[in-house]
Amino acid sequence: MVIPKFLIALALVGVVDSVSYMVVAPSIVFYVLENGGTKEQYGIILSAFSFASFLAKPFVGYWADKSGFRTPYIICLALSSIGGLIYLIASAWNGKTAVALMLTARLLGGIGGASAALGFAYLAKVVPHDDQTKINSILSMTRIFGMATGPGFNVFLALIDTEWFGFHIDPLNSVGLVLICTNAMALLFVYFLLDEPEEDLSAPDDDPTPDESNGTAAILRGLMSLPILIPFFSVFSFNANFQLIETGLAPAANHALGWTPVGVSGILGSVSIVIFINMMIVFSLSARKVRDEYIIIFGAAVSIIGYFLIWDMWRWETTPLHFVLPIVLGVSSFPFLAAPTRSVFTKAVDRIEVLRKYQGSMQALLSMFASVAGFATPGLVAAYILRNPEEVENSQYHRELSPYALFAPLLMTGVLCGSIYLAFMTGSSKQTDDAANGTLPDEKTSLVSFGKGGDVKPRRFSAKVEVNRRNSAQLLGMVQASMYDEHQSLYDDEIDEEE
């Protein structure tokens, strides 16, 4: 079994990217407060990463569509490394200056985080539709591995107390060192292992005329279709819900249970193992040809239960189990929502002719909704959902979160309804779209494609894409015949003609 080189590169980048993100989460609130910041500034700084990622993703996606993947990837990761350096040195100041530097560091990190959309766009170009969920699950599993190990770095960082050239390095600012090293490693992985994909073979041979399919009105109609809008809403919802845990866990657990960053890191690392196991389940379900919509429905139902219990069971002076159990349920739903939603979206984009050629931009647009959730939710959680210790202790039920936390199960109820619609109301959507585009086979439809003038037009062959697709299939335990082996003479003749 040969693992495709592009999958190795994207997996390694995913690991270090998630490590660099998760190592910040357990300790940033303490870093901000210790250097003169406030709880509200903590929410803003935490939101800055996703806000910058939101602004950068459309440019990164457009850049990839026009000039390829490698250069945008490398530039983004270099900016993330610079952000790590600024995060490290921010503690040399105090008050407004330190807070401003932390904000700048997370903004640069967010621009680097925009490169995550490039990985999904790359897969959309080189992986067949039937394998999208499985390959996305593999990539997600590597990211979950990074999420599991990322918080664990704080266990080792807690031991750091030293000086370099007169600069004091402690458990909080040493996170910046991890950011510098991990993003530099990711940059090297991209430079040495990630090749540019060949032209997407799913694209039509003849460019459609602008008046027919490339106009602004046609693009807007495609973007406003339910098979596109529902994945947008789904990605926003489960990322907003995850931000509730990420933003609220550290301060709530610190007040209710006295947990430190090490304790929070232990919980985040432990639940990442649960997520990894559920990723394996999603991979198995996809291999058994279970529809993505059914997987999303199950995940939405589990998420509704989990996030309702987070609001209800996170209480002052409760037991650790009352904190851990709702978290496990809430994050367990993530694998059943993330990869299947991305797969549903990729298939929907390819079915809409006017959007098909903008796969990189569309994947970036989908990721932008995750970024919107990422920068909008933490500030709202810090301002309206996290309750002050005095308010918690004087309340009747001692809940750490206000009733506004119920936004999470309400959002997932909307995802559940939308997924049920896609599953049971659009089962023949592909046939409907094909009929609308005039590509649905019937008794009059030729079995081969013709160019202008009626000449038989062979499908363009790309050796690199064929190798990538065959290796992806072999990785998933399937045997795939090589088009090149079967039609070698045809392709050799075509290459000779081109030369």
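**Notes on the cavities**

1. In this predicted model, there are six cavities of 30 Å³ or more.

2. The largest cavity has a volume of about 790 Å³, and 33 residues form its lining, with Ala116, Arg143, Asn239, Phe334 and Ala370 lying nearest its centre. Two or more lining residues are given by each of H1 (5-22), H3 (39-67), H6 (116-126), H7 (132-149), H12 (226-257), H16 (334-351) and H18 (359-385), which are helices.

3. Which element contributes the largest share of the lining of the largest cavity? That share comes from H12, which supplies six residues. When the lining of this cavity is divided by class, 16 residues are nonpolar, twelve are polar and five are charged.

4. The second largest cavity has a volume of about 110 Å³, and its lining is made up of 15 residues, of which Ser20, Phe49, Ser80, Gly109 and Asn183 lie nearest the centre. The elements that give two or more residues to this lining are H1 together with helices H4 (70-89), H5 (96-113) and H9 (175-193).

5. For the second largest cavity, the largest share of the lining comes from H5, with five residues, while the classes of its lining residues are five nonpolar, eight polar and two charged.

Conventions: Residues are numbered from 1 along each chain as its sequence is written. This is a predicted model: local features need pLDDT of at least 70, side-chain atom pairs count only at pLDDT 80 or more; totals for chains, interfaces and linings use all residues. Side-chain values use heavy atoms; hydrogens and water are left out. On a 1 Å grid over the protein atoms alone, a cavity is a set of points where a 1.4 Å probe fits but cannot get out, and a pocket is an open set with protein on both sides within 12 Å along at least five of seven lines; lining residues have an atom within 4 Å of a point. Grid points are joined across faces, edges and corners, and a volume is the space filled by probe spheres set on the points. Helices (H or I, at least four residues) and strands (E, at least two) are DSSP runs, numbered from the N terminus. Ala, Val, Leu, Ile, Met, Phe, Trp, Tyr, Cys and Pro count as nonpolar, Asp, Glu, Lys and Arg as charged, and the others, Gly among them, as polar.
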